[in-house]
Amino acid sequence: MQPWGRSLSSEGHEGWDEYAPFYDWENARTLGRRDVAFWRRFALGAPGRVLELGCGTGRVTLPVARAGVRIVGIDRSAPMVARARQRVARARLGPSVRLVRGDIRHLPFPSSSFAAALAPYGVLQSLLRERDLHATLAAVHRALRRGGTFGLELVVDLPAWEEYRQRVSLRGWRRGRGGAHVTLVETVRQDRTRHLTIFDQEFIERRGRQRRRSRFALTFRTLSVPQMVRRLEKAGFAVTALLGDYRGGPWDPRADVWMILARKA
Ligand SMILES: C[S@@+](CC[C@H](N)C(=O)[O-])C[C@H]1O[C@@H](n2cnc3c(N)ncnc32)[C@H](O)[C@@H]1O
């Protein structure tokens, strides 16, 4: 029995619906906006419409759209997309942003629709099986125009993530509507045979005397930069740069950031 009663055969798109109310709160305290300027520059360099895979709550989508780029975000999680839609409406970004609920393995766009595609923050590591990654790279290749660029970030070295049980990883106030004091209690497990890292998350929200617990698991697949490069090349991309930071510095295996830029050959 796994901690939350789930088996290890879970899908990588699971857990995100339950995570949606906590995603922005947690990310404001972890990655924050460190990668945003990079993605804005990347998207501004594209001569046309841009596709964001796994756009989530719009953390990257909105700043890119505000810079004047026409962007389409796709995400499978309805609660994540609902949050992104609220933000887009509040920001009055109009028709420059389109948000689609859908699966990145089967992109619902005509061939050659986009000048660039981006996959920030380990989105492709939510694809837990080789066939899912293969289907997604083929779908992105189809959706891009010839010469179109594809930028993706891998979360650094997941299998080296220390395993721990029931650790309080974060606590603090979540302000605004639904305001509460929030505590994140986290367990990290490694499935080394399947190259998966599993984060069991328990968010405890306190409002006065009320207390609510939300439990779910997020699973990510380990992929090294060389492994991803091979898969991109097999899918018909030419890799143009490996970057080790958000300012465009070169990658090496000890870099803090793992970014790959490729072009549809
Ligand atoms: C790490 S979040 C990234 C969100 C956003 N791009 C950001 O950087 O903040 C990963 C997102 O990918 C989505 N996702 C995972 N698997 C997916 C799939 N197969 N198809 C579409 N979206 C997926 C999740 O719902 C989640 O919103």
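## Buried polar residues, ligand shell and nonpolar cores

Glu202 is buried, with a relative accessible area of 3%; buried means under 20% relative accessible area, exposed over 50%, and partly exposed in between (1.4 Å probe, protein chains only). This is a predicted model, in which local features need pLDDT of at least 70 and side-chain atom pairs count only at pLDDT 80 or more, while totals for chains, interfaces and linings use all residues. Residues are numbered from 1 along each chain as its sequence is written, and side-chain values use heavy atoms, with hydrogens and water left out.

Glu202 lies in strand β8 (residues 196-207). Helices (H or I, at least four residues) and strands (E, at least two) are DSSP runs, numbered from the N terminus. The side chain of Glu202 makes polar contacts with the side chains of Arg213, at 2.8 Å, and Arg215, at 3.3 Å. A polar contact is a pair of N or O atoms within 3.5 Å; within protein, one must be able to donate a hydrogen and the other to accept it, and residues adjacent in sequence count only if both atoms are side-chain atoms.

**Ligand**

Around the ligand there are 20 residues, of which Tyr23, Gly54, Arg59, Asp75 and Ile104 come nearest. A residue counts as near if one of its heavy atoms lies within 4 Å of the molecule. The shell divides into nine nonpolar, six polar and five charged residues. In this division Ala, Val, Leu, Ile, Met, Phe, Trp, Tyr, Cys and Pro count as nonpolar, Asp, Glu, Lys and Arg as charged, and the others, Gly among them, as polar.

| Residue | Protein atom | Ligand atom | Distance |
|---|---|---|---|
| Arg59 | polar side-chain atom | oxygen | 2.8 Å |
| Arg76 | backbone N or O atom | nitrogen | 3.1 Å |
| Ile104 | polar backbone atom | nitrogen | 3.0 Å |

On its own the ligand has 600 Å² of accessible area, and the protein covers 98% of that. Accessible areas come from the Shrake-Rupley method with a 1.4 Å probe; for residues, only the protein chains shown count as cover.

**Nonpolar cores**

A nonpolar core is a set of buried Ala, Val, Leu, Ile, Met, Phe, Trp, Tyr and Cys residues joined through side-chain atoms within 4.5 Å. The largest has 34 residues, and Leu51, Leu53, Leu107, Leu124, Phe150, Leu152 and Met228 have the most contacts inside it. Elements that each supply at least two residues of this core include β1 (50-53), β2 (71-75), α5 (130-143) and β5 (144-154). The most comes from α5, with five residues. Another core, of 28 residues, lies apart from it; Ala84, Leu99, Leu118 and Met259 are among its members.

Contact means heavy atoms within 4.5 Å. Beyond four places in sequence, the contacts of Leu53 include Ile74, Ile104, Leu107, Val140 and Phe150.

**Further residues**

Leu154 lies in strand β5 and is buried, at 1% relative accessible area. Not counting residues up to four places away in sequence, Leu154 touches Gly122, Met228 and Trp258, among others.

Ser77 lies in the loop between β2 and α4 (78-91) and is buried, at 3%. Leaving aside neighbours within four places in sequence, Ser77 is in contact with Trp16, Asp17 and Arg101.

Ser112, in the loop between β3 (97-101) and β4, has a phi near 55°, a positive value in a residue other than glycine. Ser112 is partly exposed, with a relative accessible area of 41%.
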